[in-house]
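Here is a short briefing to read alongside the model. Please take a look at the sequence and the fold, and then go through the points below.

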Amino acid sequence: MKLDAKIPSGPLAQKWSKHRHDIKLINPANKRKFDVIVVGSGLAGGSAAATLSELGYKVECFCFQDSPRRAHSIAAQGGINAAKNYQNDGDSVYRLFYDTIKGGDFRSREANVYRLAEVSVNIIDQCVAQGVPFAREYSGYLANRSFGGAQVSRTFYARGQTGQQLLLGAYQALAKQIEAGGVKMYPRTEMLDLVLINGQAKGIVVRDLVTGEISSHAADAVVLATGGYGNVFFLSTNAKGCNVTAIWRAYKRGALMANPCFTQIHPTCIPVTGEHQSKLTLMSESLRNDGRVWVPKTKGDNRPPNEIPKEERDYFLERKYPAYGNLAPRDISSRAAKEVCDEGRGVGPGGRGVYLDFADAIERLGLNVIRERYGNLFEMYERITGEDAYKIPMRIYPASHYTMGGLWVDYNLMSNIPGLYVIGEANFSDHGANRLGASALMQGLADGYFILPYTIGDYFAAERPAKPSVDDPEFKKVESEVAERTKKLLSIRGRRTVTEFHRELGKLMWDKCGMARNEAGLKEALDTIPAMRREFWEDLNVLGDGNELNQSLEYAGRVADFMEFAELVVYDALTRDESSGAHFREEHQTPDGEARRDDERFSYVSAWEYQGVDQRPILHKEPLVYEEVHLAQRSYK
Amino acid sequence: MNLTLRVWRQKNSTSQGTFIEYEADDISPDTSFLEMLDIVNEGLIKRGEDPVAFDHDCREGICGTCGMVINGIAHGPLGATTTCQLHMRHFKDGQLITIEPWRARPFPVIKDLVVDRSAFDRVIQAGGYISARTGGTPDGNTIQISKPDADLAMDAAACIGCGACVAACKNASAMLFVAAKVSHLNILPQGKPEKDRRVVNMVRAMDEEGFGNCTVMGSCEAVCPKEISLDFISRMNRDYLGALWRSR
Ligand SMILES: Cc1cc2nc3c(=O)[nH]c(=O)nc-3n(C[C@H](O)[C@H](O)[C@H](O)COP(=O)(O)OP(=O)(O)OC[C@H]3O[C@@H](n4cnc5c(N)ncnc54)[C@H](O)[C@@H]3O)c2cc1C
Ligand code: SF4
Ligand code: FES
């Protein structure tokens, strides 16, 4: 299979405008004849569905929550990047582009990233126009803060609720289109398969989560905006519902999965307290602007933090990365924390934690400023831990947070299946081996508002509207496969619950394929996962039936997919015999413990092709060609 | 801790519901309320009994999905908190805890503690937006917004659409929710051109969905996890009357 990324020719800075110019227009009367399915109503899906509908396409949009406003995007706290250079601190499209490429450890496509930086400025304008209440200076102008991996202040924010406010913007735009009849919204509806007709994506099979009814929806193109798969680790900062199902079922129908092993571990989460834990809570990275990260210098120092004198503290990020200090990128900060805990210098129950201390910032800026900046985060911390972080330092530890991998897409955001588009966290497109803070919201909205609505026209221009009937035998066949699978999950009636299996899988993935990986551990995981999967299908216990709201059944379907998907993540991690960004192979590090890339052998996107459960998938490689940037050893010293 | 739960069980929207008692034993005070229910559900599945259905997603207090009435209080006894952010350390060992769904006519029960809040979506569809099409918008800094206005709009925009305000109100009024939504957009200069239409249409939609009248008792404000202020209701009333007057 030849992977053609369809990157336009010409100089980097002109590729996108040239491409937009080259895309044939579709006349408005014709647009009405094209039907588009958008699965997902987060930032990517919500913005895409609204915009496509404004353009005149007929849209059906799906989400599994009870309202499109509740997609996981809502949880983003910190902010959204844009190369506005409002602070006059030397930011530019080029700098945001370069920071993103470097932050991704030179494993992303130049042309995509440049375009992302370019449209970032439009996103802010769009959101302001929609009424997103971004923070303002006293002058009335927009305020900015800085974020990990950048030396300029380019992050826009709305208190600690940036994701919520941006999502409400997209949701309200979507609501307007629903009211106008341009979008039909299906909440509490889960996509369970993709339907191809003559090799083109022509529809989906869904389950109504309230009635249990399985049905088909047909269209001229399908857009997946279904978010990330961080919950493969069981414990993560993702919402409980986040899953891999939509993209996994598309993969099983022939779409390629790219870079699945690039999973990001976020450095500032509240540490695990016990077995009951159902998820981990992120403390926004913006806290690292003012908080200082430290552990005691000596192992086993159990004194309360306030009794440990400054000289006996190791501010390890400031020590190791003087230029970026506490704002070093996520992968680097996470590993540094793991390292000091491995040395036995971790704090809190279980020794898996480091301090994030605001005492100096409070002294410098006053309590009120800190409260104004982070009040809601301190409150959340207190709610969960029962501790007051204004008085004693927070404890934080890394947790699974974001997935850079996802379905492979070309420059137009179309997968290798004609007519199947993938946007937002669900695709692999822009962040390489590591994403910078505040860049996911940017990418989701770039894809949904400003890229897909243009590029989908490129596909439709060569097609005639030809939405098939859902009575087509292909739809019926897929429907019965979905029904069969549902029935099977309900018929096992074994001894173990879905949660038990998910927790077991997650622990294995975290231990063997988490923050650090090595060959032996990965091979062990490859042996264990298939056995675990067999046990799942033999000993799972899901009660109730399929004709009602059945949350265990929904969950079982998602975990069944994680059970297959996890193996692919491990294959990818094993094959990528280098360290890059968030993918840290212990065999490949510099003498001071930094990731060592191998550009000679691994400067490519891995794109996996499904061969059947229990079969080794086929690896395809899209070489990464750098015309503009010079590949360098990433350094934040 | 050991607790006794009295949980509302209802098979579906048409069946009759009833309270059933369950024991929740050996619960760590560090568990969240939903994690406590997870533990109870695991036990139920092991015994071959249908687990209790409840809505949740983010478990961080921001998506507005979770919500149950705990000992008569929407989102439970701790103020300014969603159910998912409520931890068991706020309960006493041996306590009896009654758990019910939101009870309001416009929010029919789907199953157990899960209700249908789509009425909120329809209220937004009636006008809870600024009609800015994608593209062609001016540079963000050409619209200056004073910090107090931006902050006030943000106070209103903080509503997570959970519906606790409705559940807490004797009349099942949605005034706090609608007022928050209207105010967020009406305060901002970008929202001004559609200000009158917005408030009139949203209030109409609210009435059509069957939400009751507001008698300004403040039970909504007391349970709101985002501490949305009753002041927004007065503000919306002013906007509403102004709009009617201007349309005479
Ligand atoms: C706690 C937290 C904080 C974060 N903070 C930031 C931040 O400050 N800045 C930043 O840039 N990024 C941040 N991120 C990352 C960012 O929030 C996400 O990457 C981004 O919101 C993903 O958006 P999305 O639209 O791709 O997917 P999502 O928002 O996850 O939406 C997925 C949608 O798909 C639907 N869906 C999924 N599967 C199916 C299916 N099978 N059938 C039907 N519907 C389905 C869901 O219902 C949902 O509507 C944060 C992430 C977390 C976890
Ligand atoms: S006003 Fe408060 S209680 Fe009502 S929906 Fe909004 S956040 Fe929930
Ligand atoms: S689960 Fe999201 S607010 Fe409680």
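The shell around ligand 2 is made up of eleven nonpolar residues, two polar ones and no charged ones. In this count, Ala, Val, Leu, Ile, Met, Phe, Trp, Tyr, Cys and Pro are nonpolar, Asp, Glu, Lys and Arg are charged, and the others, Gly among them, are polar. Please keep in mind that this is a predicted model, where local features need pLDDT of at least 70 and side-chain atom pairs count only at pLDDT 80 or more, while totals for chains, interfaces and linings use all residues. Residues are numbered from 1 along each chain as its sequence is written, chains are lettered from A and ligands numbered from 1 in the order in which they are written, and side-chain values use heavy atoms, with hydrogens and water left out.

**Ligand 2**
- Of the 13 residues around ligand 2, the nearest are B:Cys159, B:Cys162, B:Gly163, B:Cys165 and B:Cys224; a residue is near if one of its heavy atoms lies within 4 Å.
- Two elements of chain B, α4 (164–168) and α5 (175–187), each give two or more residues to this shell; helices (H or I, at least four residues) and strands (E, at least two) are DSSP runs, numbered from the N terminus.

**Ligand 1**
- Ligand 1 lies between chains A and B.
- It is surrounded by 39 residues, and the closest include A:Gln65, A:Met191 and A:Glu425.
- Oxygen atoms of ligand 1 make polar contacts (pairs of N or O atoms within 3.5 Å) with the backbone: the distance is 3.2 Å for A:Leu43, 3.0 Å for A:Ala44 and 2.9 Å for A:Gly78.
- The protein covers 98% of the 1000 Å² of accessible area that ligand 1 has on its own, by the Shrake-Rupley method with a 1.4 Å probe.

**The parallel sheet of chain A**
- Five strands form an open sheet in the order β5-β2-β1-β9-β17, with parallel pairing; two strands pair if DSSP finds at least two bridges between them.
- β5 (183–186) and β17 (420–422) of chain A each have a single partner strand, so one side of each has no neighbour in the sheet.
- Strands β1 (35–39) and β9 (221–224) of chain A are joined by four bridges, and A:Ile37 has A:Val222 as its bridge partner.

**The antiparallel sheet of chain A**
- Another open sheet has five strands in the order β11-β15-β14-β12-β13, paired antiparallel.
- Its edge strands are β11 (263–269) and β13 (313–314) of chain A.
- β12 (292–296) and β13 of chain A pair over two bridges, with A:Pro296 opposite A:Arg313.

Technical notes
A polar contact is a pair of N or O atoms within 3.5 Å; within protein, one must be able to donate a hydrogen and the other to accept it, and residues adjacent in sequence count only if both atoms are side-chain atoms.
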